[in-house]
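Please consult the sequence and the model shown here alongside the text.

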Amino acid sequence: MESLTSGTLAGTGSFRCEECGYVVTLAAADTLPTCPGCGSASFARASLFSAVGASRFARGTTPDRSPEERAAWLAQAREQVTEPGQYLVFERDKRTESIALEREWTRVGRSLAADVRFDDPTVSRRHALIVKQADGVRVLDDRSLNGVFVNGERVEWRALDDGDEIVVGRYRLTFLDVPAAAAEAADATLEAAG
């Protein structure tokens, strides 16, 4: 794949930073800028059909954690959930957020209409759908440019299990399936601490 540098008149299309995966979209007369994400000057034409750079891009803005650190973070996230059900938990601005999956469809993306919104150019306006049905919960790629990854593997759709990690652009979300007994135990722990 041809590598381009900032200042180059590259033509219409999307270009991915070879260092951090940031995607810029240009019109015909635009020149490549330096990367707004990392300051790099090295870009390659982005392709929907190429996995080049996908593993680098899938790292996300959430810090890479060791398995032990991830387990500790996940345990803390579970303690915050006091009601049984299915949730998406993620870190934003160094805070853990949890979103209850209460409807059949939950939209994840950059659009103002998204239920879980990430205002970040690495996230497509319509990036992913979380579908909750009687037979389980699934994630679907909603024609995103950068793809949806579950546990490090790019997927078009995938049934989700408790603890699965979903990468959307630079963000890592974790699916939690909290049974009634676990929610009651977390609620009792919070009451004892308070």
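A contact is defined as heavy atoms within 4.5 Å. Among contacts in the chain between residues at least 6 apart in sequence, 46% join residues at least 24 apart. The model is predicted: local features need pLDDT of at least 70, side-chain atom pairs count only at pLDDT 80 or more, and totals for chains, interfaces and linings use all residues. Residues are numbered from 1 along each chain as its sequence is written, and side-chain values use heavy atoms, with hydrogens and water left out.

**Overall composition**

- The chain holds 3 helices and 15 strands; helices (H or I, at least four residues) and strands (E, at least two) are DSSP runs, numbered from the N terminus.
- Of the 194 residues in the chain, 42% are buried, where buried means under 20% relative accessible area, exposed over 50%, and partly exposed in between (1.4 Å probe, protein chains only).

**Nonpolar cores**

- A nonpolar core is a set of buried Ala, Val, Leu, Ile, Met, Phe, Trp, Tyr and Cys residues joined through side-chain atoms within 4.5 Å.
- The largest such core comprises 20 residues, and those with the most contacts inside it are L88, V108, F118, I130, V139, I166 and L173.
- Two or more residues of this core come from each of β5 (85-92), β9 (128-133), β10 (136-141), β11 (148-150), β14 (165-168) and β15 (171-178), with β15 giving the most, 3 residues.
- Leaving aside residues up to four places away in sequence, F118 touches F90, R92, V108, G109, R110, V123, Y171 and L173.
- Another core, of 9 residues, lies apart from the largest one and includes C17, C20, V24 and F43.

- Because 6 of its 8 residues are buried, β5 is largely enclosed by the rest of the structure.
- Strands are taken to pair if DSSP finds at least two bridges between them.
- β5 and β15 run antiparallel and are joined by 6 bridges; Q86 stands opposite D177 in β15.
- β5 also pairs with β6 (residues 95-100) in the antiparallel sense over 6 bridges, and V89 has S98 in β6 as its bridge partner.
- The hairpin formed by β5 and β6 has 2 residues between the strands, and D93 in the turn has a positive phi of about 55°.

- β10 and β13 run antiparallel and share 3 bridges; the bridge partner of L140 is W157 in β13.
- T106 is found in strand β7 (residues 105-109) and counts as buried because its relative accessibility is 7%.
- Not counting residues up to four places away in sequence, T106 touches L101, D115, V116, A128, L129 and I130.

**The largest pocket**

- On a 1 Å grid over the protein atoms alone, a pocket is an open set of points where a 1.4 Å probe fits, with protein on both sides within 12 Å along at least five of seven lines; lining residues have an atom within 4 Å of a point.
- The largest pocket contains about 240 Å³ of space.
- Its lining consists of S14, V23, T25, R110, P121, V123, S124, R125, R126, R143, L145 and N146.
- By class, the lining of the largest pocket has 4 nonpolar, 4 polar and 4 charged residues.

How values were computed:
Grid points are joined across faces, edges and corners, and a volume is the space filled by probe spheres set on the points. Ala, Val, Leu, Ile, Met, Phe, Trp, Tyr, Cys and Pro count as nonpolar, Asp, Glu, Lys and Arg as charged, and the others, Gly among them, as polar.
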